Amino acid sequence: MRALVLQSYGGREAMALTDVPAPTAGAGEVLIRTRAVGLNPVDAMHREGDFKAIAPDDFPTVAGNELSGIVETVGAGVTAFAPGDAVITRVDPSGHGAFAELAAVRADWVAAAPARMPLTDAAGLPLAGLTAQQALGPEHLDLQPGERLLITGAAGGVGLIATRLAHLRGAHVTVTASAAGEPYVREAGADAVIDYRARTVAEGGERFDKVFDLIGGDQMAELLGSIEPGGRLVTIAGPPSPGSLRETARPSRRPLAAVVSRVASAKVRRAAKKAGVTYEFFLMHPDGAGLAELVRLVDAGELAVTVDSRYPLADWEQAFERLESHHAKGKVLLEF
């Protein structure tokens, strides 16, 4: 089968479209013939070796994290799906494997695809949707109606879905975005937009109950200072907090992951404590039931996936170039 394979760590030259052996569905698994895949910043980070210290790859390896497609076969014990079903899934974070014509995935990580959108577009829902859903949920931000939420960098795939979900929860949603991104975040339900090119969050004097950060970097201290005491900041881009890398790391690398996360986030955690704010970095986990709830919202007309661009598989380099330009508004998709 054809697959986009990571041959080493590096730039786009480290990847190649080539033939690899096809997987089969084991017990409890679903074999899916891929229709489309979503590209995500984590795909570029994986290629560049950002996680190699705690989760090194055995090369060559099929990359990719999310897909839509048609069930080809099911393994022993699988009753929820049958050949011919249209499905979406977030694949195993430790094994990747979405950028291939066929992918074997645990059945409990799979959900029936939305009926309300094209199957190709649905490939952009799993990773961004689950990340937003879990960040806003009770395990992390626990967003409540009426709370003032800030989402930084909201014009991308995760940010647009998070904005929609937060709006549905009845929160007052402020986002940071460029002028070019403002129409997208407004359509998603943002109540207020801060043009980060015109001013910083702190310069506006706004106060928030909670912050969902998608940017990281030097703005972290400023964000902490904009949160009411007792509030929370959850990030997928800032320094990892203690325990956040455990499930991502290989078992033999978990002691190292514990040290890295403790040291890397020490400064921001001290600043958060001084401000009376909770700081947390998290990585989403596959969840078929959570994905099914997102599909329900799509089919009810309450949630959408904003697609920035679509590329045929042969043009994967251009797709990654668009992703890594940081100008995409919504999801970048590769069609098989």
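Guide: Helices (H or I, at least four residues) and strands (E, at least two) are DSSP runs, numbered from the N terminus. Arginine 47 lies in one of them, helix H1 (residues 41-47). This is a predicted model, where local features need pLDDT of at least 70, side-chain atom pairs count only at pLDDT 80 or more, and totals for chains, interfaces and linings use all residues. Residues are numbered from 1 along each chain as its sequence is written, and side-chain values use heavy atoms, with hydrogens and water left out.

Visitor: Why is arginine 47 called buried?

Guide: Buried means under 20% relative accessible area, exposed means over 50%, and partly exposed is in between (1.4 Å probe, protein chains only). Arginine 47 has a value of 2%. That is under 20%, so arginine 47 is buried.

Visitor: Which residues is arginine 47 in contact with, leaving aside neighbours within four places in sequence?

Guide: Contact means heavy atoms within 4.5 Å. Arginine 47 has such contacts with Leu6, Ser8, Tyr9, Gly10, Gly11, Arg12, Met15, Phe320 and Glu324.

Visitor: What makes glutamate 66 buried?

Guide: Its relative accessible area is 0%. The cut-off is under 20%, so glutamate 66 counts as buried. Glutamate 66 belongs to strand E5 (residues 66-74).

Visitor: How do you know that a polar contact joins glutamate 66 and lysine 331?

Guide: A polar contact is a pair of N or O atoms within 3.5 Å. Within protein, one atom must be able to donate a hydrogen and the other to accept it, and residues adjacent in sequence count only if both atoms are side-chain atoms. The side chains of glutamate 66 and lysine 331 make a polar contact of 2.6 Å. A polar atom of the glutamate 66 side chain also lies 2.7 Å from the backbone nitrogen of leucine 127.

Visitor: What about glycine 69: why is it called buried?

Guide: Glycine 69 has a relative accessible area of 0%, so it is buried. It lies in strand E5 too. Leaving aside neighbours within four places in sequence, its contacts include Ile32, Arg33, Asp85 and Leu119. Glycine 69 and aspartate 85 are 16 residues apart along the chain, and their C-alpha atoms are separated by 8.3 Å.

Visitor: What makes threonine 131 count as buried?

Guide: Its relative accessibility is 4%. Threonine 131 lies in helix H3. Its side chain reaches the backbone oxygen of leucine 127 at 2.7 Å. Not counting residues up to four places away in sequence, threonine 131 touches Val158, Phe212, Ile236, Phe282 and Met284.

Visitor: How do you know that the span of helix H10 is close to the expected one?

Guide: The expected span is 1.5 Å times one less than the number of residues. H10 (residues 288-299) has twelve residues, and 16 Å is expected. From first C-alpha to last, H10 reaches 16 Å. At its start, a side-chain oxygen of aspartate 287 comes to within 3.2 Å of the backbone nitrogen of alanine 289. Just after H10, glycine 301 has a positive phi of about 80 degrees.

Visitor: Which residues of H10 are buried, and what do they pack against?

Guide: The buried ones are Gly288, Gly290, Leu291, Leu294, Val295, Leu297 and Val298. They pack against strand E6 (86-90), strand E8 (110-112), helix H3 (126-136) and helix H4 (157-168).

Visitor: Why are H3 and H10 called roughly perpendicular?

Guide: Axes are lines fitted to C-alpha atoms, for helices over the stretch in contact, and angles run from 0 to 180 degrees between N-to-C directions. Under 35 degrees is roughly parallel, over 145 roughly antiparallel, 65 to 115 roughly perpendicular, and the rest oblique. H3 and H10 pack at about 100 degrees, with axes 10 Å apart. Therefore the two helices are roughly perpendicular.

Visitor: Which residues meet there?

Guide: Pro126, Gly129, Leu130 and Gln133 in H3 meet Gly290, Leu291, Glu293 and Leu294 in H10. By class, this contact has four nonpolar, three polar and one charged residues. Ala, Val, Leu, Ile, Met, Phe, Trp, Tyr, Cys and Pro count as nonpolar, Asp, Glu, Lys and Arg as charged, and the others, Gly among them, as polar.

Visitor: Why is aspartate 142 called partly exposed?

Guide: Its relative accessibility is 26%. That falls between 20% and 50%, so aspartate 142 is partly exposed. It sits in the loop between H3 and strand E9 (148-151).
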